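This report is for a reader meeting the structure for the first time. It takes the chains in turn and then turns to single residues.

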Amino acid sequence: MTTLIKLEIIRALRNKKFMFFSVIYPPALYLIIAGGADSKPIPGMKLDMGLYFMVSMAAFGAMTAVLLGNSERIAKEREKGWVRQLRLTALPGRGYVAAKIAAAATVSLPSIVLVLLVAALVKGVRLDAWQWAAIAVGTWLGSFVFAALGVAIGYLATGDAVRPIAMLFYFGLAFLGGLWMPLTILPQWVQNIAEWLPTHAYAALGTAVEAGSAPHAKDIALLAGYLLVFAGSAAWLYRKDTRRA
Amino acid sequence: MVSFRQVNKSYGAVRAVADLNLELHPGETVALLGPNGAGKSSTLDLLLGLRSADSGTVTLFGTTPQRAIEQGKVGAMLQSGGLMEGVKVKELVGLARDLHPRAYPLDHIMATAGITEIADRMVDKLSGGQEQRVRFALATAGANDLIVLDEPTTGMDVSARQTFWGAMREQARQGRTVLFATHYLEEADEIADRVIVLHRGRVLADGTAAEIKARAGARRVTFDLDEPVDRDALRGLPSLTSLAVSDSGAGAGSGRRTVRIQSQDADATVHALYGLGLYPHNLEVSGLGLEQAFIALTTASDQAPATAEEAAR
């Protein structure tokens, strides 16, 4: 099982093109979106746009790499029959899911670090050392949730259907979770839904730290719950997959 | 050790496996034969737990296929089994070793599968035959009690094929059970000590290659006729199992016909042929290969009259 995790990480590192764009995309997006934002505080929040978007773009970028990357790659591997071959080994379902999450985490970590670097160097964001560390680690660990969701989607859908389904989750969760614009400027009913979404809890980890406090227990519990559900269904779908995709 | 009891599997209206009963015994090398769509792949999928049966039970080593696989008792090489991309051959074989509870040393696996010289090659850059050998290495990465192979030598050249079956014989000699599906009937004839013919999801014949040939009609009788052919009279010949009549290549315009007969008792058939008052030219009596036996069995089961196309295959 450890060999599989190791191999998945090696593969991710070897796939230079995927790695390059996955790592470059989030900081580029951050510069575009937060580039014109001034340091006016956001209505109803203690943060300004630069800070807010640093966290949400780090989260959004990490989510792009792990959710879209995982789901498409897994659907492809099922089509090619590699997963069928793997199912003829003693590998348990959780081993497969763990390896896929590890591979995704390999890609998401540098992209997160790069967004934070760009924020500090280009946008002049200043935080305490513990805040930088907490945001990086929190955003990285939080990306596991979406990596697991990516595995599950890769198993739910086949072939051509994967991309649209993954996109639906990706944009839906990003928008409703407030990664693109602060939720406080959206209607109340959106805010009510958002509160329970993994993306909202994910970004809230970082914004809580930026505001100088520890992440809320509710957000952490919510993310842990989503991780269990996504990873559990991904493992179940892996073992259950009897279709010849 | 492998047993199918009253197993059924349908895909929509298509019955892929119908009331299948099958027992495999330790140390056997068994070939699974059948035309396309006979249910070979479905049978193997059920055996490996990749699909579940609609009814009936499949047991491996007294337990479910999934459990037997988790215990590392089964090695399998699937036709549809893909390989992980973006890794080296030796890394992939290393993975198979890591996942097997009774793995062999890496060098040994690589040498047996004949992939030592491509150990550092990326999996995505392999030829079809090389891929097939890597699949073989994955299937034999550890000590399995049962090895299942679905058309294992597809894409291999002659020498690779010989090496492959050499390695398989060695596995069988060590008391392992080998079950393989194949399109190459000579492989079944040479290698298997038991041949199972599947047709429309059922077992049509089960025995040694020699027994299958005998069952299908032991001999083939071929001759040309100048006079008009009375098919009904020919069909009435004793011991006949199949009949085919075609224009003979040489005298297409002359009305000369070539008749091909399969017979359980060629002596009686030929004797009766002269009794019909016919004058057969170029009479030949020959033994049936497994391939003809196989065609004879499956066409007889379809209960369709043998036609020229079928005989020409």
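## Contacts and basis of the model

In chain B, 70% of the contacts between residues at least 6 apart in sequence join residues at least 24 apart; contact means heavy atoms within 4.5 Å. For chain A, 79% of the contacts between residues at least 6 apart in sequence join residues at least 24 apart.

The model is predicted: local features need pLDDT of at least 70, side-chain atom pairs count only at pLDDT 80 or more, and totals for chains, interfaces and linings use all residues. Residues are numbered from 1 along each chain as its sequence is written, chains are lettered from A and ligands numbered from 1 in the order in which they are written, and side-chain values use heavy atoms, with hydrogens and water left out.

## Chain A: fold and surface

Chain A has 10 helices and zero strands. Helices (H or I, at least four residues) and strands (E, at least two) are DSSP runs, numbered from the N terminus. The radius of gyration of chain A is 18 Å, close to the 18 Å that the globule rule gives for 245 residues, so chain A is as compact as a globular protein of that length. That radius is taken over C-alpha atoms, and the globule rule is 2.2 Å times the number of residues to the power 0.38. Along the principal axes, the C-alpha trace of chain A spans about 55 × 40 × 30 Å.

Buried residues account for 53% of the 245 residues of chain A; buried means under 20% relative accessible area, exposed over 50%, and partly exposed in between (1.4 Å probe, protein chains only). Chain A exposes about 10400 Å², and carbon and sulfur atoms supply 71% of that area. Accessible areas come from the Shrake-Rupley method with a 1.4 Å probe; for residues, only the protein chains shown count as cover.

## Chain A: annotated spans

An unreviewed UniProt entry places the feature "transmembrane region" at several spans of chain A, including residues 97-120 and 220-238. UniProt positions are given in the numbering used here, feature names are shortened, and annotations may be inferred rather than shown by experiment.

In the model, residues 97-120 of chain A are 100% helix and 0% strand, with end C-alpha atoms 34 Å apart. Residues 220-238 of chain A are also 100% helix and 0% strand, and their end C-alpha atoms lie 27 Å apart.

## Chain B as a whole

Chain B contains 12 helices and 13 strands. Its C-alpha atoms fill a box of roughly 75 × 45 × 35 Å along the principal axes. Of the 313 residues in chain B, 51% are buried. The accessible surface of chain B is about 13600 Å², with 48% belonging to carbon and sulfur atoms.

## Single residues

Arg14(A) sits in helix H1 (residues 2-14) of chain A. With a relative accessible area of 28%, Arg14(A) is partly exposed. Beyond its neighbours within four places in sequence, Arg14(A) is in contact with residues of chain B, among them Gly86(B), Lys88(B) and Glu91(B).

Two residues of chain B have a positive phi without being glycine. Phe61(B), with phi of about 50°, lies in the loop between strand E4 (55-60) and helix H2 (65-70), and is partly exposed at 23% relative accessibility. Arg200(B), with phi near 50°, lies in the loop between strand E8 (194-199) and strand E9 (202-207); Arg200(B) is exposed, at a relative accessible area of 55%.
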